[in-house]
Each structure stands twice: as C-alpha cells, then as structure tokens.
Amino acid sequence: MKRFYKETAVDTGDGGYRVLLDGKPMRTPAKAVLVAPTRALAQAIATEWQEVPDRAELNVSHLRLTRLAATAIDRVTVQREQVIEDTAKYGGFDMLCYRAPAPSSLVERQHEMWQPLLDWVAERYGARLVVAEGTTFVAQPTDALARLREVVAAHGDLALAALYNLTHISGSLVIALAVAEGHLPADKAFAAAQLDELYQIERWGEDPTSTLRHENIRHDIEAGALFLALLENRRLKG
C-alpha cells in the first residue's frame, strides 16, 4: 500500500490520544482505533506517518512505533498471559549468562559489558542469575526467575509489547529490562546484544547482508527504547 493521506494530527478521544490521518482516527490491522496513553507517544506515531515520503510504499521500517502500539492493542490485550510467559522465559537462558571460554579478548569484553548488567538486575530486582562458561545449559535459581516474571507481568500492555520485542531481538531479558527502566541507552543495548557478532566483524569484516541485519536490529532497539520512554514521558539517555 502506498501513502494514501496528506496530513497527520493528534486529538483526544477513546480514553487517550488518537492519531488522525486526514482527520480520521488511525486503526490497527484488527480495526481497533489506535489510542496512545500519552500525547508524546501519539505525536511520535503521527510523525512517523508524516515522514513517509509521498507516493512511497508503506513499510514497517517507516513505522516501528506504530507496529509496537498496534501489536499491543491487537495481540497483547487478548494474549497477555502468553506474552508474559514468552518474555519471562528468557530469564532462564539469558544470553548474558553464557560466556566464551576463549579468546581472552572476547572473554574480557563480555565480562566488562555484560557483568554490570547482571549486577544491576540482581540489585534492582533481587534476581541474581548464574553465569556459565560455554553453551551448556545452566539452571537459574527458581526465586530469581519468579522475581523476573513478576517484573515482566507488572508492565502494562503497551510496555509489554515493547519489552517482548526488545527481549526477542536482543536475546536477553536483562538487556530489555535495563532499556525499559532507562538504565541502558539504545546504543549500548545494541552493543551488548550484538557483542559477539561485532567482535567477529572487527576480526573478519562485515558483508552487506549482515550490515543490513545489524541496521534493522539497531533501529528496532532504538524504537523500543523510544516507545517505552514516550509511554512514561521520560527523556532518553544518550
């Protein structure tokens, strides 16, 4: 579908802030009115649509904030418990808990970037996770996993959609929670999530396919961080 509207705007209605396309409320793929709880988020979504070039194809790469909001409204609201489980389960095999045995330069980099995040989640939520060398599965403490699930479940539907997306993209619930709390800016979240791949690129170089994939990951993490900050009317770090 190509751009079919001329103007975007925001107004109040349906218990929040609606995005208008040529004066008509925007709807999700399931035909629900897209309502944001803060004007800042609604305005950012409207801006996404306004910045789509004239006669350009509407592409999800243009509309990352819209996709998160629509997912929350269409899917999280009706599958909330499943989304909570699918997000919280990452705590049981969080990427940050599995460290390379060699080379020493990678071992050091993982420790310097990942360990402070694990220390933060232990202090912030009382969830201390076990670190292992290699890729052999290690069981995490039951109380830590239960606490992380409580933290995930405490998020509202829109925030939960963004948290799930960040967790899935990064392979780490810890990274996603650090972004959600405003503890970790998007650029550092990307660096932590892609640490191993970026290390290999430094050694062997990058190909066009991996470059495009990394850019998509970077933009998705940035969108998730921005979405969560706008939900809370919070300024982004970095």
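**Reading the terms against the values**

User: Why is Thr66 called buried?
Analyst: Thr66 has a relative accessible area of 9%, and the word buried applies under 20%, with exposed meaning over 50% and partly exposed lying in between (1.4 Å probe, protein chains only), so Thr66 counts as buried. The model is a predicted one, in which local features need pLDDT of at least 70 and side-chain atom pairs count only at pLDDT 80 or more, while totals for chains, interfaces and linings use all residues. Residues are numbered from 1 along each chain as its sequence is written, and side-chain values use heavy atoms, with hydrogens and water left out.

User: Where is Thr66 found, and what does Thr66 touch?
Analyst: Thr66 belongs to helix α2, where a helix is a DSSP run of H or I with at least four residues and a strand is a run of E with at least two, both numbered from the N terminus. Apart from residues up to four places away in sequence, Thr66 is in contact (heavy atoms within 4.5 Å) with Met26, Leu34, Ile45, Glu48 and Trp49.

User: What makes Asp54 and Arg3 a salt bridge?
Analyst: The closest N and O atoms of Asp54 and Arg3 are 3.8 Å apart, and a salt bridge is a side-chain nitrogen of Lys or Arg within 4 Å of a carboxyl oxygen of Asp or Glu, which means that the pair qualifies. Asp54 sits in the loop between α1 (39–50) and α2 (64–76), whereas Arg3 sits in the segment before β1 (8–13), so the bridge ties together parts that are 51 residues apart in sequence. The structure holds 14 salt bridges.

User: Are Asp54 and Arg3 buried or exposed, and how do you know?
Analyst: Asp54 has a relative accessible area of 58% and is therefore exposed, whereas Arg3, at 12%, counts as buried.

User: How do you know that Arg67 forms a salt bridge with Asp220, and what does the pair tie together?
Analyst: Their closest N and O atoms are 2.9 Å apart, which is within the limit for a salt bridge. Because Arg67 lies in helix α2 and Asp220 in helix α10 (residues 208–231), the pair ties together parts that are 153 residues apart in sequence. Arg67 is partly exposed at 31% relative accessible area, while Asp220 is buried at 16%.

User: Why are α4 and α7 called roughly perpendicular?
Analyst: The axes of helix α4 (residues 104–125) and helix α7 (residues 173–180) come within 10 Å and cross at roughly 65°. Such axes are lines fitted to C-alpha atoms, for helices over the stretch in contact, with angles running from 0 to 180 degrees between N-to-C directions. Angles under 35 degrees count as roughly parallel, over 145 as roughly antiparallel, 65 to 115 as roughly perpendicular and the rest as oblique, so α4 is roughly perpendicular to α7. In this pair, Leu117, Leu118, Trp120, Val121 and Tyr125 of α4 meet Val174, Ile175, Leu177 and Ala178 of α7.
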